[in-house]
Amino acid sequence: MSRVVRQLPMVGWLWVLWVLLWGSLGPLVLAGGLVVAVAVVVAFPLPPVRGWAPRPLGVVRLLARLFADLVGSGAVVAWQAVRYGPRTTAAIVEVPLRADSDLLVTAVAEVTTMAPGALVMEIDRGRRRLYVHALPVRDARDVEERRRQARSVEDSVARAMGQPLPDRAPDDAGGNPT
């Protein structure tokens with residue numbers, strides 16, 4: 001039972017998800033959702049997340065950035081498709097990360113994917129690298145701008161999660177677009 005108590009946020013999230021999927025606040029849906037949420041947490045326990053202390057102001061800033069990136073990404077991609085069509089320039093940009101937590105790396109990859117014209121193609125966990133398909137990229141300056149944007153996302157996510165980052169990524173040697 002103590003495992004369920006430690007996982008109350010997950011139980012709450014699963015319960016809300018259940019209610020949203022059913023689209024009803026009926027007593028049977030509420031009770032059934034709670035039973036299913038507890039059963040899932042008991043049957044499939046997740047390890048506790050250590051060292052995570054969300055910062056409310058950082059979370060608000062991250063959500064604002066995420067919203068702006070969602071709106072911006074649609075506009076950038078639409079403009080590139082209309083203006084240049086199949087001649088749109090793109091590159092795969094290697095981005096060294098400073099984060100060493102699986103949770104933090106995953107969150108950085110997810111938020112980076114929502115940035116205008118960006119899609120994380122691969123995460124090299126061993127070398128702490130993201131490989132980002134970036135659009136548009138015309139020259140080395142655009143590559144560096146994409147790398148800077150991804151690192152800015154990493155900073156925002158780390159601040160929101162209350163995770164300190166080292167000053168430099170290990171083997172911080174840029175990377176080349178391919």
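## Helices and a surface patch in a predicted model

Leu 21 lies in helix H2, which covers residues 8–22. In this predicted model, Leu 21 is exposed because its relative accessible area is 68%, and exposed means over 50%. Leu 21 also belongs to a nonpolar surface patch of about 700 Å².

The average pLDDT of the protein chain is 84, and 88% of the residues score at least 70. Over residues 173–178, however, the pLDDT is below 50. Beyond near neighbours in sequence, that stretch has 13 contacts in the model. Where pLDDT is low, the predicted coordinates should not be read in detail.

| Helix | Residues in helix | First to last C-alpha | Expected span |
|---|---|---|---|
| H4 (residues 56–84) | 29 residues | 41 Å | 42 Å |
| H5 | 12 residues | 17 Å | 16 Å |

The span of H4 is close to the expected value, and the span of H5 is likewise close to its expected value.

Which residues of H4 are buried? They are Gly 58, Leu 62, Leu 66, Asp 69, Gly 72, Ser 73 and Gln 80. Their cover includes helix H5 (102–113) and helix H6 (140–161). Just after H4, Gly 85 has a positive phi of about 55 degrees.

In H5, the buried residues are Leu 104, Val 105, Ala 107, Val 108, Ala 109, Val 111 and Thr 112. Among the elements that cover them are H4, H6, strand S2 (118–124) and strand S3 (129–134).

Conventions:
Residues are numbered from 1 along each chain as its sequence is written. This is a predicted model: local features need pLDDT of at least 70, side-chain atom pairs count only at pLDDT 80 or more; totals for chains, interfaces and linings use all residues. Side-chain values use heavy atoms; hydrogens and water are left out. pLDDT is the predictor's confidence in each residue, from 0 to 100. Contact means heavy atoms within 4.5 Å. Patches are made of residues with over 30% relative accessible area and no salt bridge: like charges are joined within 9 Å, nonpolar side chains (Val, Leu, Ile, Met, Phe, Trp, Tyr) within 5 Å. Accessible areas come from the Shrake-Rupley method with a 1.4 Å probe; for residues, only the protein chains shown count as cover. A salt bridge is a side-chain nitrogen of Lys or Arg within 4 Å of a carboxyl oxygen of Asp or Glu. Helices (H or I, at least four residues) and strands (E, at least two) are DSSP runs, numbered from the N terminus. Buried means under 20% relative accessible area, exposed over 50%, partly exposed in between (1.4 Å probe, protein chains only). The expected span of a helix is 1.5 Å times one less than its number of residues.
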